[in-house]
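Keep the sequence and the 3D view handy as you read.

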Amino acid sequence: MDKKLKELEKQYNEVPIPKELDFVVEKALKQGTKKRKNRAPQWLLGSAAAAILFTASLNASPAMAQKLSEIPVVGSIVKVLTWTEYEVKEDTYDANIKVPSIENLENKDLANTLNEKYRSEGKALYDAFVSDVEYVKGQGGGHVGIDSGYEIKTDNDQILSIARYTVNTVGSSSTTMHYDTIDKQNEILITLPMLFKDDSYIKSISENIIEQMREQAASDPDKKYWVIGGGLPDEEVIDGFTAIKADQQFYISDKGKLVISFDKYEVAAGYMGIVEFEIPTDVLKNDLVSSEYIH
């Protein structure tokens, strides 16, 4: 292992584990402004000399940073860029993990906590991938793949919504999506419960989603949801969808609409992948704290 690779490994292992986000939100609001066991990574997965490509910490090499020509610039101040990228290609084992970083937020507690979370997630995904590869190799071989990255769902003067996706392939595939929505003007993290007066929003949103599921299934035979009347035979709807979680994944669209997101298999047949529902604001108007974000 050459000197550069040792430096990269050192940077990787020094990625901090994030703290919970709650204290950041609480602090910002008061101010009124501003699954697997981790294992040490193995940098060569086998004697076949796997091709491992790294875009290292942006601060480590100005030349590396200059090459990131596809960095999405968010707004005129806040921006999101790729902090680290892990790419592994070896026979039937593939990994591509892009870790985002939020820059230029004056609320450093919020920026640091989110960035630490993203780095820790990327580290955990890579560790899990290495562990899966070792296990599959021990069983005689097979396919292991992971594709993780991010996209900007909303970027306007007020709202920044970042979606982080993970497609994991070990035997069958699973797809998950996680969102962070930031008020760029007040520099706080927006959570779903804080948008509403009380928890009655759970019932309002859930009933509307079930209605949308049934309407979609009635007009499109390819839509299959885990609800009675959702396009599947009633006897196949076991433990079907009844209500969103209080902290259900969501983002706020560019038009100020609430969009609720579900992972693959969560509320629909697997072939439908990630599914989203835009909730009409009229459904929410009696539950909202204000129309500041949702309108």
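Which residue forms a salt bridge with glutamate 151? That partner is lysine 153, and the closest N and O atoms of the two are 3.6 Å apart. A salt bridge here is a side-chain nitrogen of Lys or Arg within 4 Å of a carboxyl oxygen of Asp or Glu.

Before we go on, a word on the model: it is predicted, so local features need pLDDT of at least 70 and side-chain atom pairs count only at pLDDT 80 or more, while totals for chains, interfaces and linings use all residues. Residues are numbered from 1 along each chain as its sequence is written, and side-chain values use heavy atoms, with hydrogens and water left out.

**Salt bridges**

Searching the whole structure turns up 12 salt bridges. Here are three of them, with their N to O distances.

| glutamate 90 | lysine 137 | 3.3 Å |

Take lysine 137 and glutamate 90. They link distant parts of the chain, with lysine 137 in helix α4 and glutamate 90 in strand β2, 47 residues apart. (Helices, H or I with at least four residues, and strands, E with at least two, are DSSP runs numbered from the N terminus.) Lysine 137 is partly exposed at 31% relative accessibility, whereas glutamate 90 is buried at 6%. Buried means under 20% relative accessible area, exposed over 50%, and partly exposed in between, using a 1.4 Å probe and protein chains only.

Aspartate 127 and lysine 123 both sit in helix α4, 4 residues apart, which is about one turn of the helix. Aspartate 127 is buried at 2%, and lysine 123 is buried too, at 14%. Back at our opening pair, glutamate 151 is partly exposed at 33%, and lysine 153 is partly exposed at 26%. There's also a network of salt bridges linking Lys117, Glu121, Arg164 and Asp180.

**Aromatic rings**

Now for the rings: the structure holds 7 aromatic pairs. Rings of Phe, Tyr and Trp (its six-membered ring) pair if their centres lie within 6.5 Å; planes under 30 degrees apart count as stacked, over 60 as edge-to-face and the rest as tilted. Tyrosine 86 and tyrosine 126 have ring centres 5.6 Å apart and planes at 35 degrees, so they make a tilted pair. Tyrosine 86 belongs to strand β2 (residues 79–90) and tyrosine 126 to helix α4 (residues 108–138), 40 residues apart. Both tyrosines are buried.

Phenylalanine 196 and tyrosine 201 are stacked, because their ring centres are 4.5 Å apart and their planes lie at 10 degrees. Phenylalanine 196 is buried at 5%, and tyrosine 201 is buried at 3%. Ring pairs also join Tyr225, Phe241, Phe262 and Phe277 into a cluster.

**A sheet to trace**

Finally, look for an open sheet of 3 strands, in the order β8-β9-β10 with antiparallel pairing. β8 (250–252) and β10 (275–279) are at the edges with a single partner strand each, so one side of each has no neighbour in the sheet. From one strand to the next, the twist averages 25 degrees. Two strands pair if DSSP finds at least two bridges between them, and 3 bridges join β8 to β9 (residues 258–262).

How values were computed: Axes fitted to C-alpha atoms, helices over the stretch in contact; angles between N-to-C directions.
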